[in-house]
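Here is a short briefing on one protein chain, arranged by topic. Look at the sequence and the fold first, then work through the points below.

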Amino acid sequence: MTSNDFYTSEHLQADIVELIGKLPKLKNRKYIEQALNTVLRLSQEEEIDRLDWKILSSSLADMERGFQLFHNYRHVRKVTIFGSARLSPETPDYKMARDFGRCVAELGFMVITGGGGGIMHAGHEGAGRENSFGLNIELPFEQEANPIIEGDEKLIHFKYFFTRKLFLLKESDAVALFPGGFGTQDEAFECMTLSQTGKFGPVPLILIDHPGGDYWKSWSEYIDKQLVAKGLVSPEDPSLYTVTDNLQVACDAITQFFKVYHSSRYVGDRLVIRLKSELSDAEVDKLNTEFSSILVKGKIEKSQALAQEATDEAVGLPRLLLYFNQKDLGRLYQMIATINQMGHPSVEDTKHPERK
C-alpha cells in the first residue's frame, strides 16, 4: 500500500464514520442505508470479481455526474432528441430537427441529446448552447461532441450506454425521435416499451418526419399491421405516441400534454395525478364514465396533496386519485389528453409550459 492509498483509506474511513453519525437526521436516510447495505453485502461476496467492482464504481461515477448536473435545472422541462448521427446539415431531417430545437427552446424548454453529430448537432444548433445538454459517450467512432456543446458545463461524457440512456430518459419531459439507424430504432422501441409498461412517463413521445417524409409514417404502418392487427400490442398503445411531419404539430404535442396535466406518482397503490388547475365535479364524472375500465376499484376522485406528499415540491397543486390497473397505459394517455381539454389553467401557466 502506498502512502497515497493509506491517506485515501484513512480519510474514507473518517468520512464513513461522519456519514453514519449524520444518518438519523438525513431526509433520504432510508435510501442511503439501502445503498450502503448493498455495497456491504457485495463486499462480502467472494464471487464478485474485479470487473464487477469496476462496473459498479464506474456506473456510480456516471450517475453522480448526472445527478449533480441536472439538479440545478430540475424546475425546467426538457425535451430529449434522438436521431441519426450520420445525417448532414443539407438533409431535410437535419433541418427539421434544427427547427424543432429552435421551436421548443422558444417555448422555454431545454434540449437534451447524445451530444454528437447529425440530428444531435441539429437539435443543439436550433436550441442554442445555453438551452442544451449533451450526454456523450466514448466510442471508437462517432463519439466526439458537436461544436455547439463542446466545452460547455452541461456536457457529460458517460462510460456506459445504460447510464447514459438512464439520464436521457429520466431527465426528459418529452421525447422527440427523428429518423436514424439501429440506435434510434432501439431508442424508439425502448421508449414505447417503458411507456407501455409504466416504467417511463407519462410524457409525450413524438416521431418526427421532415415535411413529406415517410420514415416514421412507414414505421407506424408496420406497427399497425404487424403488432396491433395481430394482437401483439393493445389497440390503444398507438396513443402513446404522435407521428407527424409538421413542425407546429410536433411542438403543440408537447405544450398540450402539459396544458392541465402536471405530473404523476404513486402513493401506495394509488396513482396521484397532479394538475395545474382543479377540475369540476362534472368533469371528474365524465372521466369516471369514459375511463372506468382502467380502474381496479373505486372511482377517480379529486384530492389535495396526501400526507405522504408533504415534502413534494408540487404540494400545492390539486390532484386526482385513482386505483389504476397499471396495464392500460394507452388508455391512461387518452385520459390525460381528455384532462388537458378540461380545467382552466392560469395565463401564467399557459405562457410557461416549461415550468415544473
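In this predicted model, the protein chain exposes about 19,000 Å². Carbon and sulfur atoms supply 53% of that area. Of the 356 residues, 43% count as buried.

**Overall build**

- The protein chain holds twelve helices and eleven strands.
- Its radius of gyration is 22 Å, close to the 21 Å from the globule rule for 356 residues, so the chain is as compact as a globular protein of that length.
- The C-alpha trace spans about 70 × 55 × 45 Å along the principal axes.
- Take the contacts with a separation of 6 or more: residues 24 or more positions apart account for 68% of them.
- The side chains include 41 positive and 51 negative ones. The centres of these two sets lie 4 Å apart.

- Strand β1 covers residues 78–82. Five of its five residues are buried.
- Which way do the β1 side chains point? Lys78, Thr80 and Phe82 point one way, while Val79 and Ile81 point the other way. Lys78 is buried along with the rest of them.
- β1 pairs with strand β2 (residues 110–113) through three bridges, and the two run parallel. Valine 79 has valine 111 of β2 as its bridge partner.
- β1 also pairs with β5, again in the parallel sense, over four bridges. Here threonine 80 stands opposite valine 175.
- β5 spans residues 174–177, and both of its faces are covered. Ala174 and Ala176 are buried on one side, Val175 and Leu177 on the other.
- Strand β6 (residues 205–208) joins β5 in the parallel sense over three bridges. Leucine 177 has leucine 207 in β6 as its bridge partner.

- Strand β8 (residues 261–267) and strand β9 (residues 270–275) run antiparallel, joined by six bridges.
- Serine 264 is partnered by isoleucine 273 in β9.
- Two residues separate the strands of this hairpin. Glycine 268 sits in the turn, with a positive phi of about 65°.

**Serine 84, in a loop**

- Serine 84 belongs to the loop between β1 and α4 (92–106).
- Is serine 84 buried or exposed? Its relative accessibility is 12%, so it counts as buried, the cut-off being under 20%.
- Setting aside neighbours within four places in sequence, serine 84 is in contact with Gly117, Gly118, Ile119, Pro179, Gly180 and Thr184.
- Glutamine 185 is 101 residues away from serine 84 along the chain, yet their C-alpha atoms are separated by 9.8 Å.

**Methionine 63, in a helix**

- Methionine 63 lies in helix α3, which runs over residues 50–71.
- Its relative accessible area is 22%, so methionine 63 is partly exposed. The buried class needs a value under 20%.
- Which residues does methionine 63 touch, not counting those up to four places away in sequence? They are Thr163, Leu166 and Phe167.
- Leucine 87 is 24 residues from methionine 63 along the chain, with 30 Å between their C-alpha atoms.

**Backbone exceptions**

- Most peptide bonds are trans, and most residues other than glycine have a negative phi.
- Proline 202 is located in the loop between α7 (182–196) and β6.
- Glutamine 326 has a relative accessible area of 46%, so it is partly exposed. The exposed class starts over 50%.

Notes. Residues numbered from 1 in each chain as written. Predicted model: local features only at pLDDT ≥ 70, side-chain atom pairs only at ≥ 80, totals over all residues. Heavy atoms only, no water. Rg over C-alpha atoms; globule rule 2.2 N^0.38 Å. Buried < 20%, exposed > 50% of the residue type's maximum accessible area, 1.4 Å probe, protein only. Contact = heavy atoms within 4.5 Å. Areas by Shrake-Rupley, 256 points an atom, 1.4 Å probe, with all protein chains shown as cover. Lys, Arg positive; Asp, Glu negative; His and termini not counted. Charge placed at Lys NZ, Arg CZ, Asp CG, Glu CD. Pairing = 2+ DSSP bridges.
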